[in-house]
Amino acid sequence: MSKETTIVSQQLSTKEGAFTAEFEWPVTLAIDKGLDGAVTNKSKVGYVDGDKGRLIYQGYPVETLAENANYEEVAYLLIFGKLPNEAEYAEFDSKLKAQRKMPIEVVKIMDIIYDHKHSHPMSLLRTAVSVLGVLQKNVMDTSRENELRMGMHLIASMPTVIAALHRLRLGLKPVEPDITLSHVENFLYMLHGKKPAALDVKLLEISMILHADHGMNASTLTAMATSASLSDLYSSIVGAIGSLKGPLHGGANEVVLQEFLKIKSIAHVTEYVAGKVAKKEKIMGFGHRIYKTYDPRAAVMKKYASKLKEEVEMFKIAEVLDKEVVAKYGSKGIYPNVDFYSGIIYKHLGFETNFFTTIFAAARISGWLARILEYRAENRIFRPRDVYIGEFNKEFVERKKRV
Ligand code: CMC
């Protein structure tokens, strides 16, 4: 069938105003800022049901996994599509344990470049992952086997990097990983240099499970877009960490806690909300592109945060803020998201505020990996279009004659 194409100039308008552009005609145009509604691929990894407030990993409700599984099982599930049996778990677990250690070069580089006043832990983590990629062999081999090997290396070693950064910041020596401990136990052990309490392990476990995957979010898209050009996995994860760092995405957890500290007590919550509404400012930890109801992850986080006696004052502020913002904006579909209650838990676990998003990254690495591996099988480079709203056929003027 022949398609008639004629170049035409069209007067068009968007929210930003009218413009003229040339198109091959006929053409259908839809500009959805922020790729709202755009569909990139099919996936079995996970499902976010924004209307019902459900999050599913490979068929399982995330709440069930958070209550019953550990992080290693969930990482396996996301990557391989099934929960591991005993033998599969033992093999996966021992491969992860074997790769926990961080090369000495990374520690040295982190120690040299760490500016305690200005370096953000997410920037350091991004740099450390980049260095890990430089030190790896065969990074450009995009076979499933090799990408899985490198991805497991990142799942295993990101907590080691984060814990070392935490200790370097405090002027302490990094603690070597302990292979007798589970993934999450070892993370906390490397952080504080002592075996963690069972409650703390549970808190970090549920948090890391809840953050492990979340559809085609900004950092996952960044990871996949980088990977789809057949770039190496480390480059994809470096990009994803950069995207996750932003306060509209994972970086919100850090800002939320800073806001709680500014609010100081429940007596100031109403005034705080009124100030934000008057200035038309967003309230961090609320709202989501997909969820138009309570984020199921926030509900689980809230349940666990409510149990922490030491954080009771902060929890009370959060709870009242939650109620007031939902009363004001709930009809617009604005509810607490995963970042709203998580900071209370991370504070309790002894993480400094600017480290919060690094925990998100250490958890999301399995989702990034699972989706990169899944897309590889039907890889196609990402290449959306934009609408040119500039001019055509401008006359070139020599530099000396330009005004
Ligand atoms: N407080 C007040 N109003 C809000 C908020 C908020 N937190 N979030 C969205 N809105 C309003 C926004 O002002 C707009 O109103 P109107 O239509 O009257 O102009 C409407 O809701 C749509 O907002 P949007 O910014 O166009 O929505 P989006 O889908 O592009 O952005 C979001 C989603 C998460 C970036 C946004 O809700 C936001 O900035 N929230 C605060 C930051 C935050 O908590 N981020 C963490 C997200 S969850 C963790 C993760 O996976 O990253």
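Reply: N217, A218, H288, R289 and I290 lie nearest the centre of the largest pocket, whose lining has 49 residues. A pocket here is an open set of points on a 1 Å grid over the protein atoms alone, where a 1.4 Å probe fits and protein lies on both sides within 12 Å along at least five of seven lines; lining residues have an atom within 4 Å of a point. This is a predicted model, with pLDDT of at least 70 needed for local features and 80 or more for side-chain atom pairs, while totals for chains, interfaces and linings use all residues. Residues are numbered from 1 along each chain as its sequence is written, and side-chain values use heavy atoms, leaving out hydrogens and water.

The lining splits into 21 nonpolar, 15 polar and 13 charged residues, where Asp, Glu, Lys and Arg count as charged, Ala, Val, Leu, Ile, Met, Phe, Trp, Tyr, Cys and Pro as nonpolar, and the others, Gly among them, as polar.

Now for the ligand: the space it takes is this largest pocket, going by more than half of its atoms lying within 2 Å of the pocket's grid points. Around the ligand are 19 residues, with H249, K282, I283, R289 and K332 the closest; to be counted, a residue needs a heavy atom within 4 Å. That shell has nine nonpolar, six polar and four charged residues.

As for polar contacts (N or O atom pairs within 3.5 Å), H249 puts a polar side-chain atom 2.4 Å from a ligand oxygen. A polar backbone atom of I283 is 2.7 Å from a ligand nitrogen, and an N or O atom in the N337 side chain is 2.9 Å from an oxygen of the ligand.

Methods
Polar contact = N/O pair within 3.5 Å; in protein donor to acceptor, adjacent residues only side chain to side chain.
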